[in-house]
Amino acid sequence: MSEAAMYKSSMSKAIVTGFSNHSDPFLAAAELQQQLVHNDVGFVLFFCSAEYDLAHLAEAMNQAFDLVPLAGCTTAGEITAQGYAQGAISAIGFNRHHFAVEASLIEAMDNLSLTQAQSTVESFINKGRAKQLAPIKGNSFVLTLLDGLSVQEEQVLATLSSALGNIPHFGGSAGDDIHLANTHVFAHGAFHTGAAVVLLFNTDCEFEVFTTHHLKPLSEKLVVTAADRDNRRVHELNAEPAAQEYASLIGLSVADLNPEVFALNPLAVRIGNEFYVRAIQKVNADLSLTFYCAVENGIVLTRMHSDDILKNLTTELECIEQNIGSPQLIIGCDCFLRRLEIEHLGIAAEASELFRQHKVVGFNTYGEHLEGMHINQTFTGVVIGSPADD
């Protein structure tokens, strides 16, 4: 295909994707600009490694995309159009004729009130209606990107969910390549910590928000008998030092505990008939355990075991695609613990091929968001099909 024909083809698409693994932020931004920018791109969403000099990356992205609005976050790994990546930037360009995207920055997650959330949603809806792309109801979804080390995710998501009503919403918590030091979201031309980005997508394309995981419950239980809820820190399980009791449960020593072990030996809380993972972040010097999700005194944690991770995801995606057709894109928020498991099993190449087949672009998260819940060790996202009139 000629360059002119390729350009014409890209303009006809509702969505275009790009990625760069240049370590220089200016070269990376320039490469993305070449892949994504044409007259019809009205918004760009990106996911970037925290290894970049973020001040320089912000400058480079703002220069490269000029008047095109941008939003994004740092990651614990990227998913590009070619599959898993590390130390890269993955990006999506949305055609203004098929997507009206509104972005809001919550600069202080710990101060978000219901009134503020309601004002944000009302502003979203009014701006979306003014663009007259599609009715808001039934044609809109929300993506949330939150600081993954803020310890405020549950409160922010619950507040936003109350304001969003029936608008489906999902998202992911920003990562920092498992350094557990600083995670960032990007909006209004800069990277921010302690902040959240909320994006409303109004579209004439078919879509479906979903979540899935491959974990099954075992019989072993642990009861949280001493916890610091505000800091997601469990001091005791079954009235014993938490790290010691967890290590004993899985047949290891405390010295053996690390992120890969946590990924392969998850714990979950049962809510109704569903199990939701409460992923362990780290072991502390006092033998307490810090978690990525909310924990509190009295909850019962069930030991989980892994089923076939790729078979589970394939089945879920194929089921959705039977309903809405072949996807233009799947925006995927994939827990970094899943990636650790996949790498441990030696099936990263197979996972990347699965992502390519189903057109997945996204990032590895420190937590996933679904309808007001903060969850772990899931693959959560949105499948976007063709415009409804195609």
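Tutor: Start with a pair of side chains: those of Asp 286 and Arg 233 meet in a salt bridge, at 3.4 Å from N to O. Keep in mind that this is a predicted model.

Student: Where in the chain do Asp 286 and Arg 233 lie?

Tutor: Asp 286 sits in the loop between strand E19 (280-283) and strand E20 (289-291), while Arg 233 belongs to strand E15. They are 53 residues apart, and the pair links distant parts of the chain.

Student: Is Asp 286 buried, exposed or partly exposed, and how is that decided?

Tutor: Buried means under 20% relative accessible area, exposed means over 50%, and partly exposed is in between. Asp 286 has 43% relative accessibility, so it counts as partly exposed. Arg 233, at 26%, also counts as partly exposed.

Student: What is the general idea behind such pairs?

Tutor: Side chains of opposite charge can pair when their charged atoms come close. In this model the count comes to 9 salt bridges.

Student: What does the salt bridge between Glu 154 and Arg 232 tie together?

Tutor: The side chains of Glu 154 and Arg 232 meet at 2.6 Å, N to O. Glu 154 lies in helix H5 and Arg 232 in the loop between E14 and E15, so the pair ties together parts that are 78 residues apart in sequence. Glu 154 is partly exposed, with a relative accessible area of 23%, whereas Arg 232 is buried at 4%. Glu 153 also belongs here: Glu 153, Glu 154 and Arg 232 are linked in a network of salt bridges.

Student: Where do Arg 339 and Glu 343 lie, and how many residues apart are they?

Tutor: Both are in helix H9 (residues 336-345), 4 residues apart, which is about one turn of the helix. Arg 339 counts as buried, with 6% relative accessibility, and Glu 343 is partly exposed, with 40%.

Student: Next, backbone angles. Which residue other than glycine has a positive phi?

Tutor: One of them is Asp 177, with phi near 55 degrees. Asp 177 lies in the loop between E9 and strand E10 (185-187), and at 13% relative accessibility it counts as buried. Arg 232, from the salt bridge with Glu 154, is not a glycine either and has a positive phi of about 55 degrees. The loop that holds Arg 232 runs between strand E14 (215-228) and strand E15 (233-237).

Student: Now a helix. How many residues does H4 have, and what span is expected?

Tutor: H4 (residues 114-131) has 18 residues. Its first and last C-alpha atoms are 26 Å apart, close to the 26 Å expected at 1.5 Å a residue. After H4 comes Gln 132, whose phi is positive, near 55 degrees.

Student: Which residues of H4 are buried, and where do they fall around the axis of the helix?

Tutor: They are Ala 117, Thr 120, Val 121, Phe 124, Ile 125 and Gly 128. Seen down the axis of H4, they fall within an arc of 130 degrees, so they line one face of the helix. The face turned away from that side carries the exposed residues Thr 115, Arg 129 and Ala 130.

Student: What covers the buried residues of H4?

Tutor: The cover includes strand E7 (99-106), helix H5 (153-164) and strand E12 (196-203). H4 lies across E7 and E12, and runs at about 160 degrees to E7. H5 packs on the sheet too, touching E7, E8, E9, E12, strand E24 (368-370) and E25. The direction of H5 makes about 160 degrees with that of E8.

Student: What is the order of the strands in that sheet, and which stand at the edges?

Tutor: The sheet is open, with 6 strands in the order E7-E12-E8-E9-E24-E25 and mixed pairing. E7 and strand E25 (373-375) stand at the edges with a single partner strand each, so one side of each is left without a neighbour in the sheet. From one strand to the next, the twist averages 20 degrees.

Student: How many bridges join E8 to E9?

Tutor: There are 5, and strand E8 (residues 140-146) runs parallel to strand E9 (residues 169-173). To find one yourself, look at Thr 144, whose bridge partner in E9 is Gly 171.

Technical notes: Residues numbered from 1 in each chain as written. Predicted model: local features only at pLDDT ≥ 70, side-chain atom pairs only at ≥ 80, totals over all residues. Heavy atoms only, no water. Helix = DSSP H or I, 4+ residues; strand = E, 2+ residues; numbered from the N terminus. Expected span 1.5 Å × (residues − 1). Buried < 20%, exposed > 50% of the residue type's maximum accessible area, 1.4 Å probe, protein only. Arc of directions from axis to C-beta. Contact = heavy atoms within 4.5 Å. Pairing = 2+ DSSP bridges. Axes fitted to C-alpha atoms, helices over the stretch in contact; angles between N-to-C directions. Salt bridge = Lys/Arg side-chain N within 4 Å of Asp/Glu carboxyl O.
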